[in-house]
Amino acid sequence: RALAEATAAAELIGLGLAPRAASRLLAMAPPRPPRVDVREMEARVEVLWLSDVETDAPFAEWPTDLASATRGYGGASQFTRHNLLTAVFVVDPASRAGARLAGYAAELCRKAAPVRVGVLLRSGTSSGTSAPRAGLGVRLARHAFEAGGRGALLALLRSLDASAALGAAEGGHLPDGALREALAAALEQKSHKPKGKKRKRAAKGADAGRGVEEAFERLAGGDTQQDESPAFGLPDEPLVLVNGLVLRGDSSGLREAVGHELKLEATQLRGAVEAGALSADAGDVPRAVLSLWAGRGELLDEYSEGAVNRSSELRIGRILAEARAEEGRGDAEAEVDASVLAAAHAVLSRRVWREARARPRLGMTAKVGACGPGCLELPGEGAGAALHLVAVVEPLSVRANLVASLLIALRQALQARCTLLLATAPLREEPLPAPRDALPLAEFHSRAIGPLDALQPPPTALLEIVRSAQTLTLSVVAPSGWSVRLGVASDDLDNLQLDQLPPGHTVTASVSLASLLVSGRCASERRKGRKGKKGRGGGEASCAGEELRLSRAGAPAGAEAEAETRVMGGSVGAGYFQLPARPGLWRLAGSNVGDKDVALLSWTGGRVAVRPTASQPRDAEASARGGRGGGGRVHVFLLASGALYERFLRIMMRTAAERCSRPVTFHLLETFLTPEMRDAVHSGALARAVSAGLDAARAAEIRLVDYRWPAHLRHQREKQRLIWGHKILFLDLLFPLDVQRVIYIDADQIVQGDVAALYDMDLSGRPVAMTPFCRADPNADTTGYRFWESGFWASHLEPRPYHISALFVVDLAAFRQLGVGDTYRDSYQSLTADPSSLANLDQDLPNYLQRAVPIYSLPEEWLWCETWCGNASKPRAKTIDLCNNPLTKEPKLEQARRIGGERWRRVDEELQAALAGGSASRAKEEL
């Protein structure tokens, strides 16, 4: 939008206008759309009504008194069973723009929006198609309506919209294949019989295919003269009439404009009802609404582009004359040249107003006066002098960090006049704390802004931070549709101590886009509300647990999917799913959802909505059965962040593989890995180093897993808590669907037992197994630090023990079937509304929920830690955890060498030598 206004400013100044005058024109509110009298139009042409608030089942229990429209927020017309709002979509459904707009009409009906929705079919509305194909979309739509009623027409419109969304258009017109597919979807749809029409049923199987083909060929050769509807002076383009308001624009902008106008119209009609100017006494509420606007002089007999333009040009002329008079260059009453008015109107209509109608400006309550203390103003240059950027920020806030780099980029790109107002206490609920070290500025942000162009250098972000003794972490906040990876880095990005760096040193790191995300929502039909009727009392039931797979479009049947996932359930993320993919054409499929084409053709990722073809309840017997280990590979889940913990992680992997009687597959969370660790995985060097000394049958396998934190789930800003969240919140979604069990082991552990025995353990039907911490042999020195043995935890858990999350087993089969992941995420969302809750997120959450999700208590020898356990139990320990000691605060590396002894030091040296040799070999190959 800023770039559009900058272009408009340059064009206005090019007309000879001064920057001040151009600025005032840009600030003009867009003219209200003209409102035409559609009563005659609805009487003379056939509008195909897709919904009716007064007669449709979803609204059957709503009150019939019009006064109900005044009992809610923002007009709340959804509380009265009258057609206060009418939206007629004027489209050619076979054109790409018309199909997308008609798809929005179908979406309003699916959501049971309190709007009477209709479609007026017009051939050739911006489709650029010659006869006889020009009227084919109209004939298809009418045939669908006559054959199957409203439901069949909605099915056809949804199918055409899906094809148009994939870019399946030739010169603006959908190809015959898409039209045939839409006709088949319409004829398969069962619906109620429309009034006065005989319903035709489509044949089944091969007969249905022949019937579709015959119907299509017959309609394709139809008479285009029968497709014409009176124009009533309306523009020859897709548009929407909202209670007579003529809304125009591209399909995406029109969707937003329609939503905005419906809300505004509802608010205005609410006021009319309250004032007694509108009633339902006449019986025909839509006509009464139009009569109301006619009485106020706002209704045109027929749409006239010239009349609309003349009104806007008069406003432009007044503004230009006033600006000229203020500059001493003329009289405010003098007329402005007609050609200038017409040209300025054209610029504003094309560049500014169409966008402004879809995304209205936020009104300023007061004009910015002269800059004083706490204000910075930079003048504009050239055409940028007509633009005014105003930002009100609180300097000691994260948002100020975020907006600063954006303002700098806009200022540089647009050369606009810029005013920065610094606000403090008025924007805060509480005053700033007095101590300097308590200031709420713990994060520093900079944006990388620029074009993603292979011929241009990639955009960069620069952070200039004062050297300090604090340890900092560098992380990347990526757009929601991206999965990114840190590349080559000059330093350990998890442990940056700026005061220890040499003078003039700059920490550098590269970031790469690993994949785009195909995300969306899977939901079944609207659930029934009160008295078994569909409506607001119900809602949509998500297809929780549905397994989805993403394959390349055109891949042969049975080919292995490139990505797979499950659909979330619960109340927070109901129906959400995500899959990583690269740009291109894909096919999304599931056992209970129809195949869906997905096109990743932009940098924003892909948003997809899917519906199940059949419901499939969770298998209670499978839930109780769960998954058992058996004699195959042992699956272990791992995560680490930073060079030090990756060093510990490699040692733990080697000790686990050495002592395991079966081959191990390690699943590493890729999100926090350093570039060096990721390269070692991809090259196979890490797997070879971990498997050193093992026979080929027991060689370890390493896979990378990832799950982007969803936007609907409350985000954690502190990196350690973000790591804990990834550790516990996405266990049902991270792993391949054929993995039935997984063991999690903290990076800073030394494995001394056979984890295959742990993997095969009978969990007595529990989905999760963890270890209570050293109850039989506690360390007396740290008794006072055992917070879980008193206060809240003691009373909340009684008689259950508090379990430690440094090592746990997940029966993924039971975990998924019982929806434990959804329970964890819903409870997390609720509890973290209080920032002080879940201090140890990864173990507090499952312990808090033990009544809902019982935890199987593992034998205590599976987790021993010097800090909390007595030395008598150490010889029986199957894993040794290098816990932090609150008494000694011994550095982690020194503790590892002391407790791990000769075995730990030997494994550490062997791994470092192996990986260093692998790096040298790869460097030599590259040379």
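**Close-up views of the predicted model**

**Figure 1. Cysteine 774 and cysteine 869 are both buried.** Buried denotes under 20% relative accessible area, exposed over 50% and partly exposed anything in between, calculated with a 1.4 Å probe on protein chains only. The model is predicted, so that local features require pLDDT of at least 70 and side-chain atom pairs count only at pLDDT 80 or more, whereas totals for chains, interfaces and linings use all residues. Residues are numbered from 1 along each chain as its sequence is written, and side-chain values use heavy atoms, with hydrogens and water left out. Cysteine 774 and cysteine 869 form a disulfide (a pair of cysteine sulfur atoms within 2.5 Å), with their sulfur atoms 1.4 Å apart. This pair links distant parts of the chain, 95 residues apart, since cysteine 774 belongs to the loop between β25 (768-772) and α19 (791-797), and cysteine 869 to the loop between β28 (864-865) and β29 (879-881). Helices (H or I, at least four residues) and strands (E, at least two) are DSSP runs numbered from the N terminus.

**Figure 2. A disulfide connects cysteine 865 with cysteine 883, at an S to S distance of 2.2 Å.** Cysteine 865 is in strand β28 and cysteine 883 in the loop between β29 and α23 (892-926), so the pair ties together parts that are 18 residues apart in sequence. Both cysteine 865 and cysteine 883 are buried.

**Figure 3. The sulfur atoms of cysteine 522 and cysteine 543 lie 1.8 Å apart and form a disulfide.** Because cysteine 522 lies in strand β12 (residues 509-528) and cysteine 543 in the loop between β13 (534-542) and β14 (547-552), the pair ties together parts that are 21 residues apart in sequence. Cysteine 522 and cysteine 543 are both buried. Searching the whole structure gives three disulfides.

**Figure 4. Asparagine 885 sits in the loop between β29 and α23.** With a relative accessible area of 14%, asparagine 885 is buried. A polar atom of its side chain lies 3.3 Å from the backbone nitrogen of threonine 888.

Figure 5. For the protein chain, the mean pLDDT is 82, and 83% of its residues reach 70 or more.

How values were computed:
pLDDT is the predictor's confidence in each residue, from 0 to 100. A polar contact is a pair of N or O atoms within 3.5 Å; within protein, one must be able to donate a hydrogen and the other to accept it, and residues adjacent in sequence count only if both atoms are side-chain atoms.
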